[in-house]
Amino acid sequence: MPDREETIVRLPPDDDVIAALRAGDEATFAALLDAWSRGMLRVARSYVATREIAEEVVQDTWLAVIGAIDAFEGRSSLKTWVFRILVNTAKKRGARERRTVPWSSAFEPGRAQASEEPPPALGAPPVDRSEPLSRAVPEGEVLASEARERIWQALAELPVRQRTVIILRDVEGCTSEEVCEILDISPANQRVLLHRARTAVRGRLEDYFEAVRR
Amino acid sequence: MKRFSCAELVESVTAYLEGDLDPAERRGFDEHVRCCTSCAHHVSTMRATVDALGGLPAEPPLPPGARARLLDAFRRARRP
């Protein structure tokens, strides 16, 4: 699972990491925290309304990992196991938030409430704007802030299952196998969700692409 | 070689980008794109969309306090 923005830190093989965690090796745990937490925060944000709640979800996930590492059977990779716990934790928290927070205070007025669950407030881009825009985009083209705003908007409007798949695949760089393991869905289902999500996001960017076409 | 209509091509674009089309389908897809400017535009904007998603700025990391608390929890829980 490539980490797009962080320095690529090569973690040891799963077996070594698991043994080190079970032996109480703090440096290994810190390495996992630093390698995976940003991606976990992004995925958690797919399910919950605010970044603050996403931080709580990620912390709860790590606490669960600490407690469950002895029982981990190694039937999946360590990372997909951690992300599975994350998704389940985020889903439960998202459901809890929807039950207790009145719609009118949590979401923008005027946004249609027609879908079975409203989109979390993903419209706000991440706070850290210090990332150089040109770094990740080839040939000197800059990903304009307008394009990013439209992408956030488009992601926020997706049904949650489509949003989670497209974030895991296209934003976080997971393979389709990893996504199927994390979300417990079939490859066919994964591809349908990805197709719908990409189609919707592309549609939102359509006139932006038109405007910048030389 | 499979012949694609524009509607079929649009439906198949994700399968194509995933490498899930068989060789005959893939040739047919490429041939249609070669001859159809609107489908070529659709595929190129789809690729650009995927690239744009991959180029989003990173999520800020866990705040230092949260990170420290987790390390502390690990230390206490995994005391040998």
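In this predicted model, the contact between the two chains brings 31 residues of chain B together with 44 residues of chain A. On the side of chain B that touches chain A, three helices each supply at least two residues, namely α1 (6–18), α3 (37–54) and α4 (64–77) of chain B. The largest share of that side comes from α3(B), which gives 9 residues. Sorted by class, the side of chain B that touches chain A holds 19 nonpolar, 5 polar and 7 charged residues.

With its 18 residues, α3(B) reaches 26 Å from its first C-alpha to its last, which is close to the 26 Å expected at 1.5 Å a residue. The buried residues in α3(B) are B:Cys39, B:Met46, B:Thr49, B:Val50, B:Ala52 and B:Leu53. When one looks down the axis of α3(B), these buried residues fall within an arc of 160 degrees, and therefore they line one face of the helix. What do the buried residues of α3(B) pack against? Their partners come from both chains: in chain A they are α6 (145–157), α7 (160–171) and α9 (187–212), and in chain B they are α1 and α2 (23–35).

Turning to chain A, one finds that it is divided into domain 1, covering 1–105, and domain 2, covering 133–214. The contact between these domains takes 13 residues from domain 1 of chain A and 14 residues from domain 2 of chain A. On the side of domain 1 that touches domain 2, the elements giving two or more residues are α2 (26–45) and α4 (78–100) of chain A, and α4(A) gives the most, with 4 residues. The residues of this side of domain 1 divide into 6 nonpolar, 4 polar and 3 charged.

A:Asp14 lies in helix α1 of chain A, which runs over residues 14–22. Leaving aside residues up to four places away in sequence, A:Asp14 touches A:Ser77 and A:Leu78. A:Asp170, by contrast, is 156 residues from A:Asp14 in sequence and 24 Å from it in space, C-alpha to C-alpha.

Technical notes:
Residues are numbered from 1 along each chain as its sequence is written. Chains are lettered from A and ligands numbered from 1 in the order in which they are written. This is a predicted model: local features need pLDDT of at least 70, side-chain atom pairs count only at pLDDT 80 or more; totals for chains, interfaces and linings use all residues. Domain bounds come from an automatic or database domain assignment. Two residues are in contact if their C-beta atoms, placed from the backbone, lie within 7 Å. Ala, Val, Leu, Ile, Met, Phe, Trp, Tyr, Cys and Pro count as nonpolar, Asp, Glu, Lys and Arg as charged, and the others, Gly among them, as polar. The expected span of a helix is 1.5 Å times one less than its number of residues. A residue is buried if 20 or more other C-beta atoms lie within 10 Å of its own, exposed if 12 or fewer, and partly exposed in between; C-beta atoms are placed from the backbone. The arc is that of the directions from the helix axis to the C-beta atoms.
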